[in-house]
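This report looks at a few local features of one protein structure. Please read it with the sequence and the 3D view open.

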Amino acid sequence: MLTPESIEEVQEAVRSQERIRIAGGGTKSALSRDASLSTAKLSGILEYEPSEYTFTALAGTPLAVIRDELAKNGQFLTFDPPFVEAGATIGGTVAAGLSGPGRFRFGGVRDFFLGVKMVTGDGQAIFGGGKVVKNAAGFDIPKLNVGGLGQWGVIVELTFKVFPAPGEFATILVETSGASDARELTTKLAMAPVELFCLDSNSQSVQVRVGGLAEAIDARCRRVQSLVGDRAVSILRGDDDNRHWSDAREFRWVPEGHSLVKLPISPGEMSNVAETLSAPEATVPHRYSVGGNVVWIAWPDSLGQTEFDRVFASRGQNRLALTGDWEQPSQIDPRGAVFADRLQTVFDPGRKFAG
Amino acid sequence: MSTDAFYTELRRIYSEDRLLTKNAQLVPYESDGLTSFRAKPSGVVLPQTQDEVIRTVKLCHKYEVPFTARGSGTSLSGGSVPVENGLVIALNRLNRILSYEPGQRIAVVEPGVINLKVSQRAAPDGLYYAPDPSSGPVCTIGGNVAFNSGGAHCLKYGMTSNHVLGMKVVLPDGELCTFGGSSLESTGPDLTGMFIGSEGLFGIALEITLRMLPKPERYYTLQAAYDSLEKAGNAVALVVASGMLPGAMEIMDRLSMDAANAQLGDCYPKDAKAVLIVELEGTNEEVEAEKPKLHAVIEESGAHLIDAAKNDAERSRIWTGRKSAFSAVGRLSPDFIVQDGVVPRTKLGEALAEIDRLADKFGMRVANVFHAGDGNLHPLVMFDGREEGALHKAEELAGEIIRLCIRLGGSITGEHGVGLEKRAYFGEMYGEADTDFMQRLRAAVDPLAIANRGKKLPSAEAPALTSRGAHPLEQRGIVSRM
């Protein structure tokens with residue numbers, strides 16, 4: 001495993017190798033299992049100016065380090081990245097294109113990633129985007145890297161936009177009478193002007209997180225309650241609230257012997273997915289998140305990739321396996337391939353990062 | 001290849017009334033919101049279907065004819081100025097909202113749909129489309145996508161790119177691609193994000209899936225007057241330090257207020273050197289709790305007059321003043337250039353002082369209206385195009401301001417795009433290697449360089465600068481520049 005400590009060493013590594021697969025913290029085992037280059041020694045926050053709402057960090061910087069540094073100044077990563085406690089890095093989070101349940105409020109990792117310094121396939125170091133919160137010059141190379149799984153090169157430095165953190169959070173757990181009831185309530189809450197941070201659900205409950213000034217938080221909870229009718233409600237505050245979302249973000253609900261798969265959906269697809277998931281023989285734990293825009297599936301390893309792709313064949317290719325042993329962890333919509341392939345000839349002419 | 005053969009084939013697609021080639025018909029398409037650049041196309045087509053656009057692009061590719069896709073032509077960077085003798089593909093008739101699904105908070109639109117119409121369509125469901133460029137009542141979503149347009153609410157909500165979930169596009173050789181979808185989440189590289197803001201160089205968006213948001217139920221807008229620009233700037237820093245996240249923070253300087261007063265009657269205090277607009281928005285509960293905090297911060301910042309909107313009409317009055325500032329500058333000066341540089345917010349004071357100094361040095365007036373929350377400046381360099389050399393002097397001063405933004409660690413453009421206007425400074429922001437890399441990306445997507453040739457990236461070709469006053473629409477106050 002190569003462990004470069006500087007951008008020059010990354011360039012050297014890329015020039016000297018025929019094939020490069022990159023790993024960050026290794027928290028998404030399906031994506032880093034055959035890695036040849038680690039960003040472990042490219043770690044640290046390089047610039048952080050709280051009053052600018054921006055920071056720049058090396059790719060291998062653990063999210064936990066960033067979270068703690070931001071918290072000292074009352075700021076936070078708005079896209080609520082997953083696997084923080086597990087040791088995920090900022091670079092790996094971008095490459096996998098992952099945001100957590102809290103992205104419902106302000107946006108996902110793509111929406112806060114401003115600038116990137118990276119090494120492309122011919123060993124060139126390039127910079128794309130900017131270091132200020134607003135910039136319309138140049139092609140949006142930062143966004144291209146989101147979800148790219150390292151196919152464009154080695155991300156070395158990243159600049160992000162951050163926001164002031166809410167003074168307090170609270171969670172409203174709403175019991176639902178079944179999956180369709182949960183879907184109905186999710187849609188109602190997503191359309192209401194109540195500025196939710198999280199809106200997750202499964203067949204038994206809808207889980208709602210609000211945040212803001214401490215003096216308004218009780219009123220915010222009552223407001224949500226007023227929208228859920230006569231469904232039973234419990235409120236989580238303080239540590240209970242934190243633990244609930246930490247469990248969601250870290251995927252602690254995924255049982256042993258199951259692989260975690262991300263399936264982006266539109267809210268209207270929730271019922272189809274629910275039907276599909278009730279089809280396999282074994283129980284398939286899952287969780288809808290971001291107002292029904294993604295379903296996280298704990299897929300039984302006993303069923304394997306072939307069965308997953310068979311079951312979801314009608315949805316087309318659009319899934320990302322994060323853990324487990326998958327022949328092809330990533331299946332993406334081929335209808336953008338013509339554009340992507342043309343860009344690839346510039347980023348990675350020798351196809352060192354592909355496949 | 002012959003132009004005649006190209007037009008013969010075009011005539012098989014378009015009837016005479018949708019293929020314009022007569023001189024008088026072409027004049028309106030010669031320039032856009034940045035009137036100092038003009039170029040004459042050989043023709044303009046007015047497609048009504050996506051298929052017509054695709055067939056047109058394929059013909060342009062076959063005959064190597066450069067094309068410029070155009071919406072309402074409100075670009076402030078010369079982004080929709082045609083290529084000399086090229087073809088203009090005017091997309092205004094592709095103006096259908098193809099689907100609107102409130103339950104899923106999305107709308108799928110064609111590129112010619114007017115920005116404001118999207119929010120109007122969604123209003124009955126309490127939803128809206130967040131990006132709000134000042135030209136919103138006129139500009140099209142296709143143009144917004146090409147230039148990643150912003151507006152006054154970018155600090156909290158981001159730019160166009162943050163509100164587009166997916167697209168169907170035609171590449172410069174007629175190939176079709178689909179990016180993203182109707183979900184907020186996706187897998188695979190963010191090709192949607194890469195395409196947006198490419199200023200037409202990567203092709204034309206045919207269908208755009210927009211994300212709709214619940215409209216904030218409550219706005220609280222206040223306007224504070226200061227006896228110095230510096231104090232207004234410091235107030236922004238205080239608001240930021242307080243942990244509040246307003247939807248918008250805007251500053252106008254004395255000259256901009258004079259202009260707005262001349263156009264709208266006396267809506268701004270005569271003794272103030274700067275006004276700051278701060279807008280809170282959100283739930284009733286949250287805004288109620290934030291109000292006293294905001295007032296405390298603004299009082300501490302030394303404002304001598306605080307004017308809070310008590311209702312929608314008063315809020316609308318505050319924003320009308322702000323959004324009309326640019327067209328109003330026309331009352332003070334026959335011509336002006338709008339700049340769009342960004343500086344780190346902490347360097348706003350330094351930037352404004354330096355702009356003042358530069359204005360003195362050049363002996364010209366520069367008004368300032370800007371998105372203070374995200375450091376996006378809009379200096380308006382005033383000049384009289386009838387004076388010999390005045391335009392070039394103004395361009396030179398504007399250039400100095402752009403360089404200042406680069407020097408302070410910012411950007412040459414926050415929301416108007418590079419277009420024709422700022423190509424000369426592109427290399428200074430990105431350096432030779434990065435600029436060359438982007439040139440290669442463009443060449444990989446469009447080897448013939450026919451899609452909006454001469455925009456965004458540095459190039460030798462440039463139409464001549466002219467100076468003929470404001471765009472007719474602007475003179476009538478229908479559009480404004482921000």
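## The second largest pocket

The model shown here is predicted. Of the residues that line its second largest pocket, the largest share comes from H11(B), which gives 8 residues. Helix H11 of chain B covers residues 312-329. The other elements that give two or more residues to this lining are helix H4 (115-122), strand E7 (127-128) and strand E12 (218-226), also of chain B. In total, 43 residues line the pocket, and its volume is about 1,100 Å³. The lining residues nearest the centre of the pocket are B:Leu116, B:Asp132, B:Arg315, B:Trp319 and B:Lys323.

## Helix H12 of chain B

Helix H12 of chain B runs over residues 348-362, which is 15 residues. From its first C-alpha to its last it reaches 21 Å, close to the 21 Å expected at 1.5 Å a residue.

## Helix H10 of chain A

Helix H10 of chain A spans residues 270-278. Its buried residues are A:Met270, A:Val273, A:Ala274, A:Thr276 and A:Leu277. Looking down the axis of H10(A), these buried residues lie within an arc of 165 degrees, so they line one face of the helix. The exposed residues A:Glu275 and A:Ser278 are on the face turned away from the buried side.

## Positive phi angles in two loops

B:Asn148 is not a glycine, although it has a positive phi of about 45 degrees. This residue is in the loop between helix H5 (141-147) and helix H6 (154-157) of chain B. Is B:Asn148 buried or exposed? Its relative accessibility is 8%, so B:Asn148 counts as buried, because the cut-off for buried is under 20%.

B:Ala449 also has a positive phi, near 55 degrees, and is a residue other than glycine. Its place is in the loop between helix H14 (423-445) and helix H15 (472-475) of chain B. With a relative accessible area of 21%, B:Ala449 is partly exposed.

## Two buried loop residues

B:Ala130 is in the loop between E7 and H5 of chain B. At 7% relative accessibility, B:Ala130 counts as buried. How far apart are B:Ala130 and B:Met212 in sequence and in space? They are 82 residues apart in sequence, and 7.3 Å apart in space from C-alpha to C-alpha.

A:Gly107 is in the loop between helix H5 (103-106) and strand E6 (113-119) of chain A. With a relative accessible area of 0%, A:Gly107 is buried. A:Gly107 and A:Gly60 are 47 residues apart in sequence, and their C-alpha atoms are 23 Å apart in space.

How values were computed. Residues are numbered from 1 along each chain as its sequence is written. Chains are lettered from A and ligands numbered from 1 in the order in which they are written. This is a predicted model: local features need pLDDT of at least 70, side-chain atom pairs count only at pLDDT 80 or more; totals for chains, interfaces and linings use all residues. Side-chain values use heavy atoms; hydrogens and water are left out. On a 1 Å grid over the protein atoms alone, a cavity is a set of points where a 1.4 Å probe fits but cannot get out, and a pocket is an open set with protein on both sides within 12 Å along at least five of seven lines; lining residues have an atom within 4 Å of a point. Grid points are joined across faces, edges and corners, and a volume is the space filled by probe spheres set on the points. Helices (H or I, at least four residues) and strands (E, at least two) are DSSP runs, numbered from the N terminus. The expected span of a helix is 1.5 Å times one less than its number of residues. Buried means under 20% relative accessible area, exposed over 50%, partly exposed in between (1.4 Å probe, protein chains only). The arc is that of the directions from the helix axis to the C-beta atoms.
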